[in-house]
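Open the model in a viewer and keep the selection tool at hand. The stops below go from the whole chain to single residues.

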Amino acid sequence: MSLDLDSKPRLAAGCRMGENNNQRVLLMPERALRLNGPSLEIVSRCDGKHSVSQIIGELQLLYSKAEPHKVEQDILGYLALLQKERALDFESGAV
Amino acid sequence: MPTVQQNPLALVAELTHRCPLHCVYCSNPLELQSRSNELSTEVWSRVFKEAAEAGVLQADFTGGEPLARPDIVDLIRSARAAGLYVSLITSGLPLDEAKLETLVHAGLDHFQLSFQGAREETANDISGTKSHQHKLRVLQWLKRYRIGLTLNFVIHRCNIDELEEMLAIVKDSGAGCVEFASVQYYGWAFANREKLLPTRQQLDYCVERLKRAEEEQQGKTRILFVVPDYYAKYPKPCVGGWGRKLMLITPSGDALPCHAAPVIPGLKFENVKDRSLREIWEHSEAFQKFRGEDWMQEPCKSCDRRAQDFGGCRCQAMLLTGNAAATDPVCSLSPQRHKVDAILAQINEQGPAGAEPASPITVPVGKIEWLYRPNPS
């Protein structure tokens, strides 16, 4: 399933950010995902306001030493994984 | 002495053994706790704080029926305030629209609704209560809220053939996840096992149908299938490994590594009224007993899979072999696997419960003599 770059991901129902022992986590029904570095930067932008391409743009700036295409591929891969886990809803880009 | 590997991650809070349902496969122990033995709101609130401090992320409120607790809203609030993610595992029965709204507003993260079947008569016979229609109403009410929703269909020989109708309920519900959880044979299910174990033919159908359903529901609903492990080649990594991830607190406050642990003779459980959760996690004899690998016997001891399945389920080993440290006998490598095979042979010879071997699989559930669990005082 390919992602629409204009769509705006947000955390799905039953998913939210949490914190335990200074570690940020994505809490989901019956499971949790530790967030650090890039994964935290990505998930905290899944707010229904940032489009996929905006998230890619912002992270390419943030990790400017990394190869931009690699950053993009990593983000798309991570978002696809979260979608498969039903952690994200994608609002249509056409508003 | 085995070392403590990590923090507990999940706290299963069995708030009460009281329940309006009398399911024939209930996982509660045969000896149920009465209301007068239940922990108070204050003790539970302290337990939630201690759990979060010990590293626990998730609290699963279950029972019995957790909604039977009059203080359920306060309990959700205090678990949320402690920083936990709160799931309610419920029959949905003692619920009306107003009560649901208060639960959601109190901060409930995830609602897990159990189903006993897809057809009213089956579901009501299995639960020993008129419950099915009400559950369907609860599903409609839930559509108003943006809350995590999992449907849990407990499946077995008498309802597995309703799978197509169960999938129709799932499709209409908008649930993010559905579990088709085969009955596991402990507690009341162990007592009713010969009537509940599915046939191999039913299981094959189920696996094939759910594979297709997974494709149909991709991106909408995650579909999880818990196999009946008597049919498995290798055992389940029970509770993610003994004393590795999970703590269960009984209605009266005993801390268990697994809900079925009291079937193992000689295990001494600590109570949360006497000790902090962290102390119990680190030092309780019961948690230490099968933690790590020191307790393992052959073939587990030298098996490549021992870090994957941890030797399977200690309680099942106890129930089927009389030795809690034995390899889980559902494992094909277990020298006692023949015991499980003998049970399966019997089931597959006699066909569905109450029916002739060659007849259709639908069973008049009401005609089976079940052992129903009672409601404790």
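This is a predicted model: local features need pLDDT of at least 70, side-chain atom pairs count only at pLDDT 80 or more; totals for chains, interfaces and linings use all residues.

Residues are numbered from 1 along each chain as its sequence is written, and chains are lettered from A and ligands numbered from 1 in the order in which they are written.

Switch to cartoon. Chain B has 14 helices and 9 strands, taken as DSSP runs numbered from the N terminus (helices: H or I, at least four residues; strands: E, at least two). The radius of gyration of chain B is 20 Å, close to the 21 Å from the globule rule for 377 residues, so chain B is as compact as a globular protein of that length. That radius is taken over C-alpha atoms, and the rule is 2.2 Å times the number of residues to the power 0.38. Along the principal axes, the C-alpha trace spans about 55 × 55 × 45 Å.

Next, hide the surface and look inside. Of the 377 residues of chain B, 59% are buried (under 20% relative accessible area; exposed is over 50%, partly exposed in between; 1.4 Å probe, protein chains only). Select F61(B), F111(B), L151(B), F153(B) and F180(B): of the 63 residues in the largest nonpolar core, these touch the most other members. A nonpolar core is a set of buried Ala, Val, Leu, Ile, Met, Phe, Trp, Tyr and Cys residues joined through side-chain atoms within 4.5 Å. Helix α1 (residues 41–53) of chain B gives the largest share of this core, 6 residues. A second, separate core of 25 residues includes L93(B), I126(B), L197(B) and I343(B).

Now select A181(B), in strand β6 (residues 177–182) of chain B. A181(B) is buried, with a relative accessible area of 13%. Leaving aside residues up to four places away in sequence, A181(B) touches N152(B), F153(B), V154(B), I155(B) and V226(B), contact meaning heavy atoms within 4.5 Å.

Finish at D125(B), in helix α4 (residues 120–127) of chain B. Is D125(B) buried or partly exposed? D125(B) is partly exposed, with a relative accessible area of 26%.

Definitions and conventions: Side-chain values use heavy atoms; hydrogens and water are left out.
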